[in-house]
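Take a look at the model below. The paragraphs that follow lead you through it part by part.

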Amino acid sequence: MLFGTLPWVSAADRQFRGPYIENDTMLVGLIPRSPEQMAAFYEARGFPREAIDRIRQTCFVTVHIENKSPDTIWLELDRWSFTSNGKPLPRLDAGYWNAQWDAIDLRQASRSTFGWTQLPPVRDLQPDEPVGGNLVFPGDTETLNIEARFRSGADRQGELITIGFGNIRCNRETQQP
Amino acid sequence: MNFLARVIACTLWLLLAPLAASAGDLPAGVMRVDGITAPALQLDDIDGKPYDLASTHGHWRFVHFWASWCGPCRREMPSIQKMVTRLGDTDLEIVLVNTAETEDEVFTFLAAVAPGLVPLLDSDGQVTEVWQPRGLPATFLVDPQGRIRYQALGGRAWEEPAYLIFLQGLEPATTATPAGNR
């Protein structure tokens, strides 16, 4: 298992603004986002105040993954584990957000945009294929650990790749609007 | 085409053709699809003109889904603009579908990076959902019979020789009427 907080991974020659791991098989990187960043992003795309308020109350982490191997690698979020202070941490998934959007009758275009900014729950990453998107956690999360497990091979029977990121800090609001 | 231009074109072809063949005949990030029938695609363009993909049967179609907020999309769009220029008069219909953004957002973005391209507006994102791209950006290559034959994974440097040669080498269509963003 590889840990993203180890310093040796920073030798890669790409500009990644958060913890990341890169090896011959894949690149996995994280960028914790502040509520202000996320609010500004969605406000600029016409999201209403009610939606922005809900977004501000959560913790966004942007994930970038690239398959650098000649084989299929499976992104399957159900196989990942998220913990905080030694306890399982729930991920705010599409079901959670759909309920939020139903409650405020969010227009379809905004729902679509929000959906495309999330990390897909399942993807058969082909050689040279990147994927990116956000993972979202409850807003009272201070730090979290992520253990990402990837099966490989078209039949999912290849090597199991496990990558861990520890002590990822949820960026807090620096000032109230 | 004069003699000198023919010589240059032949020389470039001899130099660049091996690049296209170096990765199993497909450039990096392009994969074959099993030929499923392309979903319907009927949208208005940014000028309000209706467009129907079915009306362009007989041509290869480069169907590209994008949004201005998506970083890889922003990096890829200038490449598509260059690709269109470098391909010149070919039998390839360029179909750009913006996903769930407003006319103002689309206009502001494209005017800066690719002013020669005319996008379709999927204002509520529903057409994009039906096509089920693997993410944004996404490109499908639809054959003259309306079947999806290739899909590009993520953003690609379409103006580079390997991609240009691949696109120019698509099976010729039965007709060659210029259309769309060429």
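Two strands pair if DSSP finds at least two bridges between them. Helices (H or I, at least four residues) and strands (E, at least two) are DSSP runs, numbered from the N terminus. In β10(A), the bridge partner of Ile73(A) is Ser152(A). Ile73(A) belongs to strand β5 (residues 73-76) of chain A, and two bridges join β5(A) to strand β10 (residues 143-152), the two running antiparallel. β5(A) is also joined by four bridges to strand β8 (residues 122-125) of chain A, again antiparallel. There, Trp74(A) faces Asp124(A) in β8(A).

A word on the source. This is a predicted model, in which local features need pLDDT of at least 70, side-chain atom pairs count only at pLDDT 80 or more, and totals for chains, interfaces and linings use all residues. Residues are numbered from 1 along each chain as its sequence is written, while chains are lettered from A and ligands numbered from 1 in the order in which they are written.

How confident is the prediction for chain A, by mean pLDDT? The mean pLDDT (the predictor's confidence in each residue, from 0 to 100) of chain A is 89. Of its residues, 88% reach 70 or more. Residues 2-13 of chain A stay under 50. For that stretch the model has 22 contacts beyond four places in sequence. Two residues are in contact if their C-beta atoms, placed from the backbone, lie within 7 Å.

Now the open sheet of chain A. Strands of a sheet pair through backbone hydrogen bonds, either parallel or antiparallel. Four strands of chain A form this sheet, in the order β2-β3-β4-β9, with antiparallel pairing. β2 (20-22) and β9 (130-138) each have a single partner strand, so one side of each is left without a neighbour in the sheet. On average, neighbouring strands are turned by 15° against each other, direction ignored. Glu22(A) has Leu27(A) of β3(A) as its bridge partner.

Next come the helices of chain A. Two packed helices are described by the angle between their axes and the distance between the axes. Axes are lines fitted to C-alpha atoms, for helices over the stretch in contact, and angles run from 0 to 180 degrees between N-to-C directions. Helix α1 (residues 35-44) of chain A packs with helix α2 (residues 49-56) of chain A at an angle of about 155°, their axes 9 Å apart. α1(A) and α2(A) are therefore roughly antiparallel. (Angles under 35 degrees count as roughly parallel, over 145 as roughly antiparallel, 65 to 115 as roughly perpendicular and the rest as oblique.) The contact draws on Pro35(A), Met38(A), Ala39(A), Tyr42(A) and Glu43(A) of α1(A), and on Ala51(A), Ile52(A), Ile55(A) and Arg56(A) of α2(A). Seven of these contact residues are nonpolar, none is polar and two are charged. Ala, Val, Leu, Ile, Met, Phe, Trp, Tyr, Cys and Pro count as nonpolar, Asp, Glu, Lys and Arg as charged, and the others, Gly among them, as polar.

Move to chain B. Which strands make up its open sheet, and in what order? Six strands form it, in the order β1-β8-β7-β4-β5-β6, and the pairing is mixed. β1 and β6 (120-122) are the edge strands, each pairing on one side only. The twist averages 25° from one strand to the next.

Strand β8 (residues 148-153) of chain B is joined to strand β1 (residues 30-32) of chain B by three bridges, antiparallel. Val30(B) has Ala152(B) of β8(B) as its bridge partner. Five bridges join β8(B) to strand β7 (residues 138-142) of chain B, also antiparallel. Here Thr139(B) stands opposite Ala152(B), and Phe140(B) stands opposite Gln151(B). β7(B) and β8(B) form a hairpin with five residues between them. In its turn, Gly146(B) has a positive phi of about 90°.

Chain B has a helix pair too. Helix α2 (residues 71-87) and helix α5 (residues 161-168) of chain B have axes that come within 11 Å and cross at roughly 55°. α2(B) and α5(B) are therefore oblique to each other. Met83(B), Arg86(B) and Leu87(B) of α2(B) meet Tyr163(B), Leu164(B), Leu167(B) and Gln168(B) of α5(B). By class, five of these residues are nonpolar, one is polar and one is charged.

Finally, the two chains touch. The contact takes 19 residues from chain B and 14 from chain A. On the side of chain B, the largest share, three residues, comes from helix α4 (residues 126-131). That side has seven nonpolar, nine polar and three charged residues.
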